[in-house]
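Here is a short tour for anyone meeting this structure for the first time. Take a look at it, then read on.

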Amino acid sequence: MTSSPVFESALLKQILYRIRNYESVDPVLQNSRFRANENNGAALVEAVRTGNVNATKKLLAHGANPNVRHCEPMAIAMQQNRQNMLKALSQWSAIDRARTTRASTYNLSNTL
């Protein structure tokens with residue numbers, strides 16, 4: 001079943017509002033139709049831009065890509081000198097790289 005673009009954009013607007021107002025993002029993340037990387041990672045970029053570390057960590061745990069937009073979230077955190085944000089992003093970026101490496105190694109070994 002595919003979800004409608006209107007419903008997805010409503011969820012994106014809802015999570016962006018919650019991020020900007022430092023409200024819990026849990027209600028949106030619990031909706032099975034929410035996609036963490038919708039609109040090129042807009043939710044993660046906004047969480048980093050506003051300095052909302054809790055929302056950033058929850059979005060990353062929900063599958064948001066820390067390397068989205070050529071690592072824009074990391075660049076924003078560096079420009080704003082947000083050490084706690086840089087730590088969270090770099091941890092998830094490393095986990096993401098490890099998953100990719102592990103998956104490609106597994107796929108390569110299965111093809112030999």
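## Around helix 3

Just after helix 3, G51 takes a positive phi of about 80°. Helices here are DSSP runs (H or I, at least four residues), strands are runs of E (at least two), and both are numbered from the N terminus. Keep in mind that this is a predicted model: local features need pLDDT of at least 70, side-chain atom pairs count only at pLDDT 80 or more, and totals for chains, interfaces and linings use all residues. Residues are numbered from 1 along each chain as its sequence is written, and side-chain values use heavy atoms, with hydrogens and water left out.

Helix 3 itself has a kink of about 25°, centred on L44; that bend is the angle between axes fitted to the seven residues ending there and the seven starting there. How far apart are the end C-alpha atoms of helix 3? They are 18 Å apart, which agrees with the 18 Å that its 13 residues should span at 1.5 Å a residue (the expected span is 1.5 Å times one less than the number of residues).

Helix 3 is mostly covered, with ten of its 13 residues buried. Buried means under 20% relative accessible area, exposed means over 50%, and partly exposed is in between (1.4 Å probe, protein chains only). Among the buried ones are E38, G41, L44, E46 and V48.

Most residues other than glycine have a negative phi. N39, which lies in helix 3, has a positive phi of about 55° although it is not a glycine. N40, also placed in helix 3, has a positive phi too, near 60°. N39 counts as exposed because its relative accessibility is 51%, while N40, at 46%, counts as partly exposed.

## The nonpolar core

Which residues touch the most other members of the largest nonpolar core? They are I15, I19, F34, V48 and L59, out of 27 residues. Such a core is a set of buried Ala, Val, Leu, Ile, Met, Phe, Trp, Tyr and Cys residues joined through side-chain atoms within 4.5 Å. Helices 1 (5-20), 2 (26-29), 3 (38-50), 4 (53-61), 5 (68-79) and 6 (83-111) each supply at least two residues of this core. The largest share, six residues, comes from helix 3.

Contact means heavy atoms within 4.5 Å. Leaving aside neighbours within four places in sequence, V48 is in contact with T56, P73, I76, A77, Q80, R82, M85 and L89. T56 sits in helix 4 and counts as buried because its relative accessibility is 0%.

## Helix 5, one face in

Helix 5 has twelve residues and reaches 17 Å from its first C-alpha to its last, close to the 16 Å expected. Its buried residues are V68, P73, I76 and A77. Seen down the helix axis, they fall within an arc of 100°, so they line one face of helix 5; the arc is that of the directions from the axis to the C-beta atoms. On the other side, H70, M78 and Q79 are exposed. Just after helix 5, N81 takes a positive phi of about 50°.

## The whole chain

The protein chain has six helices and zero strands. Of its 112 residues, 36% count as buried. Among contacts between residues at least 6 apart in sequence, 67% join residues at least 24 apart.
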